[in-house]
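Biologist: I'm new to reading protein models, and I'd like to learn how to go through one feature by feature. Could we start with the core?

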Amino acid sequence: MKKVLFIAVGVISVVLGVIGIFVPGLPTTPFLLLSSWLFYKSSDRLYNWLHRSSLGKYIRRYESREGMSKGAKLFSIACMWLMIYISAFWILESLKIRLFLLILGAIGTGCVLFIVPAAKNAKEGNVKE
């Protein structure tokens with residue numbers, strides 16, 4: 001029963017992680033790390049699938065503490081602000097919620113720039129296979 005529960009929560013966590021790629025405010029990496037741990041404890045097949053998928057490179061990079069390349073950081077920030085712009089100015093009507101979203105975007109940008117470790121050079125920014 002524990003194995004089935006871990007697999008179910010792991011699959012839900014992967015789905016939330018993928019949604020988090022496109023939705024500002026919903027984190028991606030924590031969900032993928034949770035999925036990795038749950039699959040490690042319950043299913044070798046799903047664990048290997050996750051690590052070999054296109055999402056696996058982010059998990060491996062996190063686990064090896066390589067950091068993000070400057071290009072990945074810039075791309076990440078650009079995607080975040082594109083989604084914030086779409087949400088705040090095309091979808092939302094409340095000024096308070098718009099301001100809150102913009103503040104969260106500024107906090108997220110600061111985290112990516114100053115908290116997320118940067119790769120030492122361009123070669124280290126690539127995933128080792």
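Predicted model: local features only at pLDDT ≥ 70, side-chain atom pairs only at ≥ 80, totals over all residues.

Modeller: The general idea first: in soluble globular proteins, nonpolar side chains tend to be buried together. Here the largest nonpolar core has seven residues, namely V14, L32, F39, L46, L50, L55 and I59. Helices α2 (29-42) and α3 (44-52) are the elements that give two or more residues to this core.

Biologist: Which residues does L46 touch, not counting those up to four places away in sequence?

Modeller: Leaving those out, L46 touches I7 and F39. F39 is also on the list of core residues.

Biologist: Now let me step back to the whole chain. How many helices and strands are there?

Modeller: The chain has six helices and zero strands. Read from the N terminus, the order is α-α-α-α-α-α. If you box in the C-alpha atoms along the principal axes, you get roughly 45 × 40 × 20 Å.

Biologist: And how do I read burial and contacts for the chain as a whole?

Modeller: For burial, ask what share of the residues is covered. Of the 129 residues in the chain, 28% are buried. For contacts, look at how far apart the partners are in sequence. Taking contacts with a separation of 6 or more, 58% of them join residues 24 or more positions apart.

Biologist: Let's zoom in on one residue. Is S13 buried or exposed?

Modeller: The way to decide is to compare the relative accessible area with a cut-off: under 20% is buried. S13 has a relative accessible area of 2%, so S13 is buried. You'll find S13 in helix α1 (residues 2-22).

Biologist: What does the side chain of S13 reach?

Modeller: It reaches the backbone oxygen of F31, at 2.5 Å. There's also a polar contact of 3.0 Å between the side chains of S13 and S35. Setting aside neighbours within four places in sequence, the contacts of S13 are F31, L32, L34 and S35. One of these, L32, belongs to the largest nonpolar core.

Biologist: Now V18, which is in helix α1 as well. Why does V18 count as partly exposed?

Modeller: Partly exposed is the band between the buried cut-off of under 20% and the exposed cut-off of over 50%. V18 has a relative accessible area of 32%, so V18 falls in that band. From V18 to E63 is 45 residues in sequence and 19 Å in space, C-alpha to C-alpha.

Biologist: Can we try the other end of the chain? Which helix holds T109?

Modeller: T109 sits in helix α6 (residues 95-114). Its relative accessibility is 15%, so T109 counts as buried. Apart from residues up to four places away in sequence, T109 touches I77, M80 and W81.

Biologist: Last one: how do I read Y85?

Modeller: Start with the place, then the cover, then a distance. Y85 lies in helix α5 (residues 70-91). At 42% relative accessibility, Y85 is partly exposed. Y85 and L101 are 16 residues apart along the chain, and their C-alpha atoms are separated by 9.3 Å.

Definitions and conventions: Residues numbered from 1 in each chain as written. Heavy atoms only, no water. Helix = DSSP H or I, 4+ residues; strand = E, 2+ residues; numbered from the N terminus. Buried < 20%, exposed > 50% of the residue type's maximum accessible area, 1.4 Å probe, protein only. Contact = heavy atoms within 4.5 Å. Polar contact = N/O pair within 3.5 Å; in protein donor to acceptor, adjacent residues only side chain to side chain. Core = buried A, V, L, I, M, F, W, Y, C linked by side-chain atoms within 4.5 Å.
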